[in-house]
Amino acid sequence: LFNREASSNTCDGSRLTKRVLSSQYFSVFAMANNGELVDERFIIKDGDFVVLQRGDVYKAVQIQKKRKVIFEKQWFFLDNAVGELYGSTFEVASGGSLQPRKSKHPEIPAEVKESGMDNRNIVDDGRSQKLTRDDIETLKEQGLKGQEIVQQLVENSTTFRDKTEFAQEKYIKKKKKKYENIITILKPSTRILALMYHGREPGKICHLRYDTLAQMLTLGNIHAGSKVIVFETCAGLVLGAVMERMGGYGSVIQMYPGGGPTRAATDSFGFPEHFHRTLHEFPLCKVKALLAGTLSPDEEGKDSVDGPAAEHLDTTAGQLASSANEQRKERDAEDSSPEGMESSSVEPEDRDKEERERRKENKAQEKKVKMEEKRKKLSAAAALLQGRNADGLVVASRFHPCPVLLTLLRFVAPSRPFVVYCQYREPLIECYSKLREQGGVINLRLSETWLRHYQVLPNRTHPVLLMSGGGGYILSGTTIDDSASASGPQKAEEPAPKRIKLQETVA
Amino acid sequence: MSFVEYSELIQEGDVAIIFLGHDSMFPLMVQSGAQTQTRYGVIRHSTDLIGRRYGSKVTCSKGGWVYVLHPTPELWTLNLPHRTQILYATDIANITMMLELKPGSVVCESGTGSGSLSHAMLRTIAPTGHLYTVEFHQQRAEKATEEFREHKVDHLVTVLNQDVCKDGFGVTGVADAVFLDIPSPWEAVGHAKSAMKRQGGRLCSFSPCIEQVQRTCAALAEHGFGEICTLEVLLRLYDVRAVSLPLPDFGPDDPSRTDPGVPDRAGPSVPTNTAVTCRTAIAPREMAGHTGYLTFASKSLV
């Protein structure tokens, strides 16, 4: 629908495009709207996944021409953003069109001269603003820009002049935020999407705070060229973050519960096509079979083995998991059929019948192809897991982490890190104890991070008044090879959990 | 072995981490014929290490054993020789994400210090990115260069021995991100800006003192940086323990309410359970309460 070829074609048509071979990879240079020749990755294109920013509010959208976008109670079209550079700032003009802002910093009007010493003369009687809500609406209808409205508000405030300099600044900042219709278009990244989900929909990402996600990626040593197992129920945010860190090198195996993997947030990253070729998926419900060596991907296609319930799940999985690739294939199939029809010279009545049959056949064929592809994908993922040599394991789900961790750790090679996120502490305590009992891991650490933001202004530096109460908990560790653990006189490589303390308290 | 690529087996010339147990580790360079003394006895590299799998248990001469781990930037941070104060994984994690580092990123860093952050950044930007790291102390710059070579990441990094505040990063218009950990970061903001790509990028400054932060923020605003944001992250490590909570004895039940027919039943109470054991996570008595303030900013489009 919105593939890269189509969008770059429009670029090719009107603008100069050239390929330059840099030391490691191809960079495609294209001309932006301002006439500048830059790496095309810096240019906003039709179909791109982008993030809109206004103040500290973000929204992930896809650029689609003539598609209305609603953001912060405003609606507009993103058409004019196409061809501009990422990081560009726009003003929403009447009719919902975006106008690139050229003047960089037309800051606060300089008329602010007078200010008070303190607030002893300021009374909150709700009458300091002479403009009514209706007046403001009228101003808006007259097409006054945000900045001009703020100016009007300042002029019609009877107390503005008595406010302290700091209070005036704060007032203007507050009003600007309310009335200025300025948005910035950003390229998606883990930072931005993690901030966005945490701010807007924390429930969808198990309340995983961005600094906690950062810990997971670092403690998990996620990097290009490795083979990482991910199990998450965070809308695909953790998966996307892992994929970004791997840069399309290596492989990611997403384990998923139920019908199919959820990847809404992963899509918002707008990864290039080749990233998706490194992504594999494997259903949790087949893990036991895989571990027991009874998983037979050939039976997958027949659909009869798993019984009706599993069959239903599998088909939804197939539908959900169907990649853009498959969709394209489908379209190709549809496109080709009418062509073939026109060339045939059969009687109209027969033609109808033939067409129906043909469609039926096509559909059956399509289904077969899909099944085949699904089977191939499953066995590819199974093959990756079967080596039991994954380089890392990342878990962030609403499921109890204990069984997840104990089972999935069996696919991880020795001397590799693993990291488990849980919104709650107690399940991770249980994990910790079970792992200690079972062995096979060292360096177990249960942790949490504490995050505080600061307001830094001349003479007004202090912590921000509100802070996050908690960002979830992390259990991390390193796998070891304890297959030959029978020998050796040392009982445990780490001191046993301090039960001595317990006796002390009892005594 | 390399700090940017896993391998299965221990080989000659590798840097391996020897894990002795409970936060006790040290790094060693694997050399055939060499021996390393530990409190559990000698490790003979040729027989005990080379050709074995990372993560293996190695029995030392006195019969005790250790685990041999594949190096990671995080293990290196815990084991590296300190030449300066270093950054730890908690701050590193946030710096990496907030600077939007990923494979292919070009990063400028100053100072190099002991190379704790450098190793973590190299891991993230490999195999196509590059790190320009500037250190004004000559020996430190030389030592870092040597370590990068030993860790097989030297193709990804350029070490410069100069004063970033005076001479900048030695590159212009190439960086996606800049990291400053120097005494007066505000003096390097201009150089940071010119090292960054024209299309913008991210900057981070790490400072222990709030006065440094104030001056840096002012310099950032002056140079047109946006999204200026200062934060602080602390790690809370928990100790998982079974604790026992004794149950109090309130004495026997009210005698007047006991059934007179069965006098012994409620007699001198001998509670079957005098204590309850529960597993809990205990915060340490002391923890790092401050490392430094992290100030982030974006270079906006010019």
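Predicted model: local features only at pLDDT ≥ 70, side-chain atom pairs only at ≥ 80, totals over all residues.
Visitor: Hi! Which residues of chain B does the UniProt "binding site" annotation cover?

Guide: Hello! According to the unreviewed UniProt entry, the annotation covers Ser114(B), Gly115(B), Ser116(B), Leu117(B), Glu135(B) and Asp181(B).

Visitor: Are they gathered or apart?

Guide: They gather at one spot, because no two of their C-alpha atoms are more than 13.4 Å apart, although they span 68 residues in sequence.

Visitor: Let's take Ser114(B). Where does it lie?

Guide: Ser114(B) is in the chain B loop that runs between strand S7 (106-110) and helix H4 (116-125).

Visitor: And is Ser114(B) buried or exposed?

Guide: Buried: its relative accessible area is 2%, and the cut-off for that label is under 20%. Beyond its neighbours within four places in sequence, Ser114(B) is in contact with Leu80(B), Pro81(B), His82(B), Arg83(B), Thr84(B), Ile86(B) and Glu147(B).

Visitor: Which side chain has a polar contact with that of Ser114(B)?

Guide: The side chain of Thr84(B), at 2.9 Å.

Visitor: What about Asp181(B), buried or partly exposed?

Guide: Asp181(B) is partly exposed, with 29% relative accessibility. It sits in the loop between strand S10 (177-180) and helix H7 (189-195) of chain B. Not counting residues up to four places away in sequence, Asp181(B) touches Leu87(B), Ser110(B), Gly111(B) and Phe206(B).

Visitor: Switching to rings, how many aromatic pairs are there over all chains?

Guide: The count is nine. One of the aromatic pairs is formed by Tyr454(A) and Tyr293(B), edge-to-face at 5.1 Å centre to centre, with 80° between the planes. That pair crosses between chains, from strand S16 (residues 441-455) of chain A to strand S14 (residues 293-299) of chain B. Tyr454(A) and Tyr293(B) are both buried.

Visitor: Nice. What geometry do Trp65(B) and Tyr67(B) have?

Guide: Trp65(B) and Tyr67(B) are edge-to-face too, with centres 5.7 Å apart and 65° between the planes. Both residues are buried. Over in chain A, ring pairs join Phe269(A), Phe271(A) and Phe275(A) into a cluster.

Visitor: Which ring does the charged end of Arg425(A) sit over?

Guide: The ring of Tyr238(B), at 5.1 Å from its centre. In chain A, Arg460(A) lies over the face of Phe166(A), 3.7 Å from the ring centre.

Visitor: Last one: how many residues of helix H6 in chain A are buried?

Guide: Ten of its ten residues, 210-219, are buried. Among them are Tyr210(A), Asp211(A) and Leu219(A). Just after H6(A), Asn221(A) has a positive phi of about 50°.

Key. Residues numbered from 1 in each chain as written. Chains lettered and ligands numbered in written order. Heavy atoms only, no water. Buried < 20%, exposed > 50% of the residue type's maximum accessible area, 1.4 Å probe, protein only. Helix = DSSP H or I, 4+ residues; strand = E, 2+ residues; numbered from the N terminus. Phe/Tyr/Trp six-rings, centres within 6.5 Å; stacked < 30°, edge-to-face > 60°. Lys NZ or Arg CZ within 6 Å of the ring centre and 35° of its normal. UniProt positions renumbered as here; feature names shortened; annotations may be inferred. Contact = heavy atoms within 4.5 Å. Polar contact = N/O pair within 3.5 Å; in protein donor to acceptor, adjacent residues only side chain to side chain.
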